[in-house]
Amino acid sequence: MTFKYFEKPLIYAAMTDGPCTCSICREKEQCFDARTFIPSGALEAVCGTCLAAGRLKEYKISTCTGDSEELKRQLNAHQALKAEQADSLCNEKTAGLESTTPAIKRFKPWLWPSADADYCKFLGYGSVPLYKRLALTTGERLFKDTIYYNQVENSDSDYLWDAEMPLTEINSIEDLYGYDVQFYVFKSINSGKIVSIWDSL
Ligand SMILES: [Zn+2]
C-alpha cells in the first residue's frame with residue numbers, strides 16, 4: 001500500500017483493529033479508521049484501495065487539510081505559471097492530498113505542509129534518533145533548520161530540542177502519551193528536504 005504523501009501508513013495512520021467492512025466498497029479487510037475524517041462520523045472505515053482511488057471525493061470527505069495558500073505561493077514562485085494555472089494546479093494537488101492520503105494519528109488538526117511546489121510526504125513522529133538518522137550534520141541542527149515557516153517565529157527551538165524532543169524513537173501515538181509537545185517530520189517530495197511541524201496539547 002503506497003501513498004504519495006504518506007510513507008508508512010501501517011505504522012502512523014489510524015487503522016481499524018483487525019479486518020473491518022469498508023464503508024464504501026463493503027469488502028472486509030484491514031481498513032483506515034475513518035472516524036477522524038472530515039466531516040467526522042460520516043464513514044466508519046475505508047479500505048486502502050478505496051482511499052488510494054480517491055473515492056472519498058464522491059462523499060465530499062477529506063482526511064486532512066493542506067496548506068493551500070502556501071502551496072499556491074510556491075507554485076507561483078517556482079514554476080513561473082500564470083496565476084490561473086497555479087490556482088488550478090494547487091486545487092488539483094490539494095484535492096489529491098486531502099482525498100487520497102491516510103490520516104496521521106495526531107492530537108489536534110493542523111495544516112499539512114507544502115514545500116517546493118507540492119505537498120510534503122509524512123515520514124513519522126519526531127525524536128532525537130529520527131533526526132539523527134536523517135541528518136547530514138547533527139539532528140539538532142536539522143530540527144532547528146527545518147521548522148515550518150509558519151511556526152518559526154513562535155518556536156523556541158533551543159527549548160524544544162533540549163526539553164521536549166523525545167530521546168527515544170516514537171513509533172506510535174501511544175509512545176507520545178506524557179509528552180507536552182509532539183513533533184511531525186515530513187519530506188519534500190521534490191527536493192527531499194525535511195520539514196518539521198510541532199504541536200502542543
Ligand atoms: Zn473499500
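Predicted model: local features only at pLDDT ≥ 70, side-chain atom pairs only at ≥ 80, totals over all residues.
Mentor: Local features here need pLDDT of at least 70, side-chain atom pairs count only at pLDDT 80 or more, and totals for linings use all residues. Residues are numbered from 1 along each chain, and side-chain values use heavy atoms, without hydrogens and water.

Trainee: Why is I11 called partly exposed?

Mentor: Its relative accessible area is 40%. Buried means under 20% and exposed over 50%, with a 1.4 Å probe and protein chains only, so a value in between is called partly exposed.

Trainee: What makes the nonpolar surface patch, and where is I11 found?

Mentor: M1, L10 and I11 make the patch, of about 310 Å².

Trainee: Which residues lie nearest the centre of the largest pocket?

Mentor: They are T36, A103, I104, K105 and R106, among 15 lining residues. A pocket is an open set of points on a 1 Å grid where a 1.4 Å probe fits, with protein on both sides within 12 Å along at least five of seven lines; lining residues have an atom within 4 Å of a point. The largest pocket holds about 300 Å³ of space.

Trainee: Which element gives the second largest pocket the largest share of its lining?

Mentor: α3, with four residues. That pocket holds about 190 Å³.

Conventions. Patch = residues over 30% accessible without salt bridge, like charges linked within 9 Å, V, L, I, M, F, W, Y side chains within 5 Å. Areas by Shrake-Rupley, 256 points an atom, 1.4 Å probe, with all protein chains shown as cover. Salt bridge = Lys/Arg side-chain N within 4 Å of Asp/Glu carboxyl O. Points joined across faces, edges and corners; volume = space filled by probe spheres on them. Helix = DSSP H or I, 4+ residues; strand = E, 2+ residues; numbered from the N terminus.
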